[in-house]
Amino acid sequence: MIRRDLILIGVLVAALPPAATAQTSPFRPSASVLFARPAVNTAWADTLNLPRTYWIEGAVITGIPSAVFGGMLGYGFCGYDSGSAGENCVLQAIGGALLLGVAGAIPGALIGGLFEKPQ
């Protein structure tokens, strides 16, 4: 009789799970990288540490031809408005060069800023 009770207890213990459900860790997805707090880097506190780019070269490469074309365009349009036949056309050429030089240098600087200089 005792032997039968011990066998029954042994079978019941073997059939039970090793740990109760409340004692195991629940099955959950891992934490998202999107909501993780970034590590604070104290080296960035006083400087920007931006990479060096080719923005100056891009501005020069596109600004100089644009300024030359703007100067020629300003000088070419000098006598077409009313009453300016006797004016000095150099001022209009300088104005056209400045206007188109800046307008041409901005896209060149933006495009040159996309490329990082080697260290």
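Reader: How many Å apart are the sulfur atoms of C78 and C89?

Author: This is a predicted model, in which local features need pLDDT of at least 70, side-chain atom pairs count only at pLDDT 80 or more, and totals for chains, interfaces and linings use all residues. Residues are numbered from 1 along each chain as its sequence is written, and side-chain values use heavy atoms, with hydrogens and water left out. A disulfide is a pair of cysteine sulfur atoms within 2.5 Å. C78 and C89 form a disulfide, with a sulfur separation of 1.8 Å.

Reader: Which parts does the pair of C78 and C89 tie together?

Author: Helices here are DSSP runs of H or I with at least four residues, and strands are runs of E with at least two, numbered from the N terminus. The link of C78 and C89 is left-handed, with -80 degrees about the S-S bond. C89 lies in helix α3 (89–112) and C78 in the loop between α2 (55–76) and α3, so the pair ties together parts eleven residues apart in sequence: that loop and helix α3.

Reader: Are C78 and C89 buried or exposed?

Author: Buried means under 20% relative accessible area, exposed over 50%, and partly exposed in between (1.4 Å probe, protein chains only). Of the 119 residues of the protein chain, 17% count as buried. As for C78 and C89, both are buried.

Reader: In what order do the elements of the protein chain run from the N terminus on?

Author: The protein chain has three helices and zero strands. From the N terminus on, the order is α-α-α.
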